[in-house]
Amino acid sequence: MRFSSISFSAAVLLLLTVACSEPAKEKRAAIENLIPKPSSVKADTGSFQLAANTTLNIDTANLELKKLAGYFNTLIKPATGFELAVKPAANDSTGIDLIIDTTIKKSPEAYTLSINGKKVTIKAGGGAGVF
């Protein structure tokens, strides 16, 4: 799991940095390098920029999400120099939402990833899918 966690985090960071300012060919390459490989991708317009004030939004009562948020911070800190604040998720939140949705039962690593100008949402059936 450690290898796939690092790979997934690297893929998310790559997608966040490529954003809309890059040519379409480079965006396609970033999407093709996601691990685990998504079963489908819908590319859209918009971008999200990771910054020092970006927050990780989670269900703070979920211990697994707390651990994953902490682990995500340990992975990005060497590359970015900052640690993201972990806050309770809200419907109107901005930043990165990490969501465990137990209705997603395709596989332990199944996830959805949505990115727009205000938010990144990673939704999965469990921790393996979130990370």
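**Entry 1: ground rules**

I take helices and strands as DSSP runs, where a helix is H or I over at least four residues, a strand is E over at least two, and numbering starts at the N terminus. The model is predicted, so I note that local features need pLDDT of at least 70 and side-chain atom pairs count only at pLDDT 80 or more, while totals for chains, interfaces and linings use all residues. Residues are numbered from 1 along each chain as its sequence is written, and side-chain values use heavy atoms, with hydrogens and water left out.

**Entry 2: the whole chain**

I began with a tally: the chain has 4 helices and 5 strands. Reading from the N terminus, I wrote down the order α-α-β-α-β-β-β-β-α. Next I looked up burial, where buried means under 20% relative accessible area, exposed means over 50%, and partly exposed is in between (1.4 Å probe, protein chains only). Of the 131 residues in the chain, 35% are buried. I also looked at contacts, meaning heavy atoms within 4.5 Å. Among contacts between residues at least 6 apart in sequence, 65% join residues at least 24 apart.

**Entry 3: the sheet**

In what order do the strands of the open sheet lie? I found 2-1-3-5-4 for its 5 strands, with mixed pairing; two strands pair if DSSP finds at least two bridges between them. At the edges I found strand 2 (85–88) and strand 4 (111–115), each pairing on one side only. Neighbouring strands are turned by 20° against each other on average, direction ignored. For such angles, axes are lines fitted to C-alpha atoms (for helices, over the stretch in contact), and the angle between N-to-C directions runs from 0 to 180 degrees.

Asn57 has Asp97 in strand 3 as its bridge partner.

**Entry 4: helix 3**

Helix 3 (residues 63–80) lies across strand 1, strand 2 and strand 3, and it runs at about 165° to strand 1. The expected span is 1.5 Å times one less than the number of residues. For the 18 residues of helix 3 that should give 26 Å, and the end C-alpha atoms are 25 Å apart, which agrees.

At the start of helix 3, I saw a side-chain oxygen of Asn62 within 2.9 Å of the backbone nitrogen of Glu64. After the helix comes Gly81, with a positive phi near 85°. Which residues of helix 3 are buried? My list reads Leu65, Leu68, Ala69, Phe72, Asn73 and Ile76.

**Entry 5: the core**

A nonpolar core is a set of buried Ala, Val, Leu, Ile, Met, Phe, Trp, Tyr and Cys residues joined through side-chain atoms within 4.5 Å. The largest one holds 19 residues, and Leu56, Phe72, Leu84, Ile96, Leu98 and Val130 touch the most other members. Strand 1, helix 3, strand 3 and strand 5 each supply at least two residues. Helix 3 gives the largest share, 5 residues.

I zoomed in on Leu56. Leaving aside neighbours within four places in sequence, its contacts include Phe72, Leu84, Ile96 and Leu98.

Lys119 lies in strand 5 (residues 119–124). Is Lys119 buried or exposed? It counts as buried, because its relative accessibility is 15%. Its side chain makes a polar contact of 2.9 Å with that of Asp97. A polar contact is a pair of N or O atoms within 3.5 Å; within protein, one must be able to donate a hydrogen and the other to accept it, and residues adjacent in sequence count only if both atoms are side-chain atoms. Beyond four places in sequence, Lys119 also touches residues including Phe48, Ser93 and Ser114.

I moved on to Ser93, in the loop between strand 2 and strand 3. Ser93 is buried, at 13% relative accessibility. It touches Asn57 and Lys119, not counting residues up to four places away in sequence.

Thr121 is in strand 5 and is buried at 15% relative accessibility. With residues up to four places away left out, I listed Asp97, Ile99, Thr112, Leu113 and Ser114 as its contacts.

**Entry 6: Gly117**

My last stop was Gly117, in the loop between strand 4 and strand 5. Gly117 is exposed, with a relative accessible area of 53%. Neighbours within four places aside, Gly117 is in contact with Ser47 and Phe48.
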